[in-house]
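Please read it with the sequence and the structure at hand.

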Amino acid sequence: MYSAKTLPYLVLASMLALLTLLVVACGDDEEETLKIGVVLPETGALAAYGGPMIVSVELAEEDIKSGGGAIEVIYADSGTDPDKANESVNRLLGEGAHVIVGAAASGISQAIIQTLYDEKIPQCSPSNTSPNFTGQGNAGYYFRTAPSDAAAAPVIADTVVSRGGTRVSIVARADDYGQALAALLADRLDELGAESDTITYDPQAATFDAEVSGVTSYGPDAIVLIVFDEGVNLIRGLLEAGFDPSTMYGSDGIYRPDLNTSVNESDPNVLDGMTLFVATAPGSDAYDSFKVRLESALEQEGNLAFGAQSYDCTIILALAARAAGSTDGDDIIAAVSEVTGGGRECSSYADCAEGIDDGDDIAYVGKVGRLKLDAGGDPTVATYTVSRFEGGELVEQSTQAFDFSE
């Protein structure tokens, strides 16, 4: 028997124990908030891409929250400067980011990937295309929704040669993106029987006189520019040297519908004949609806490149965290393949999340369609758009689709 003196303490202990059980039980039912860090270019040579990409993440944030997802999104500017990007990433991690969307440039992702690997932070890039990430030792927490340039190089080379290019100057940024794509392009041109010469340049260069002189000396009948926005000045130099826009081809780093007016504001026809390439999405109602929504959010038409890929990165990370039931990096990165692999197809966060909660195997079909990510986190499905300036407008010429999983 308990004495009258000890009974109140026993009652109090029992109440405390019951309260503890209730708190634990409630905690098990409540989804832990996933903190998503976004490091995309608000400034720098890719700022023209940053706006659509960041707004696309914001649209994904809306959809995740309306679909019952518990997330907090923290934004930071990567610029196109490795030091700035590292500073931004360190701030995001200091604020508790569990995952990262970004960076946009391959070279910038290479500058931050070791930190994210060491901290076991899953990273999804919507626009890195360098093939160097594939199989890279410190890419264990990295995946992307943009295809590798291993797919882009044949599209560019085949187009150049089919239009009569036999002697090709390749002018490329001296960074991970530029050098990797230039090497792939040179190999493909060689396979097709075309000669090529590669000139790399410092993206911070004040002028491009030496590069223009090098192209002129080589005497090409086609020029491929693997550049970012600094390429505007390079194009001006080539035009002044007498090269016709029809001989020029631009990679996705400078895929801008307003590129012509950036080169010469008073002459929208200045680049008529120039061809541009970009990874895009296959035609679908889902993508068309997203495009309209993104244009409305931006309050403008124009460059939407890598917007859909940014949206998909955000949704995939949120779904992986939900499937894992955790914000732990190892758990999330393991679940990425689960939510993008086989199973019932679903195309919205809400629908996919319901499937996860019901214990179903799901396969998220994004705004860029099925990604079919491989074991290294690379999409095995790719679609490219080939466009050309005509009458002062960038006009789509064709699309080419690839499925490397078959």
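This is a predicted model: local features need pLDDT of at least 70, side-chain atom pairs count only at pLDDT 80 or more; totals for chains, interfaces and linings use all residues.

**Sheet, helices and core**

Helix α11 lies across β1, β3, β4 and β5, and it runs at about 165° to β3.

- Helix α4, made of residues 106–118, lies across β1 (34–40), β3 (99–102), β4 and β5, and its direction is at about 165° to that of β4.

- An open sheet is formed by 5 strands in the order β2-β1-β3-β4-β5, and their pairing is parallel.
- At the edges of this sheet are β2 (71–77) and β5 (142–144), each of which pairs on one side only.
- On average, and with direction ignored, neighbouring strands of the sheet are turned by 20° against each other.
- Strand β4, residues 123–125, runs parallel to β5 and is joined to β5 by 3 bridges; in this pair of strands, S125 stands opposite R144 of β5.

The nonpolar core

- The largest nonpolar core holds 123 residues, and those that touch the most other members are L225, I226, I235, L238, L259 and M274.
- In soluble globular proteins, nonpolar side chains tend to be buried together.
- Leaving aside residues up to four places away in sequence, I226 touches I170, V171, A172, R173, Y177, G178, L181, A182, L185, Y201 and S251.

Methods:
Residues are numbered from 1 along each chain as its sequence is written. Side-chain values use heavy atoms; hydrogens and water are left out. A nonpolar core is a set of buried Ala, Val, Leu, Ile, Met, Phe, Trp, Tyr and Cys residues joined through side-chain atoms within 4.5 Å. Buried means under 20% relative accessible area, exposed over 50%, partly exposed in between (1.4 Å probe, protein chains only). Contact means heavy atoms within 4.5 Å. Two strands pair if DSSP finds at least two bridges between them. Helices (H or I, at least four residues) and strands (E, at least two) are DSSP runs, numbered from the N terminus. Axes are lines fitted to C-alpha atoms, for helices over the stretch in contact, and angles run from 0 to 180 degrees between N-to-C directions.
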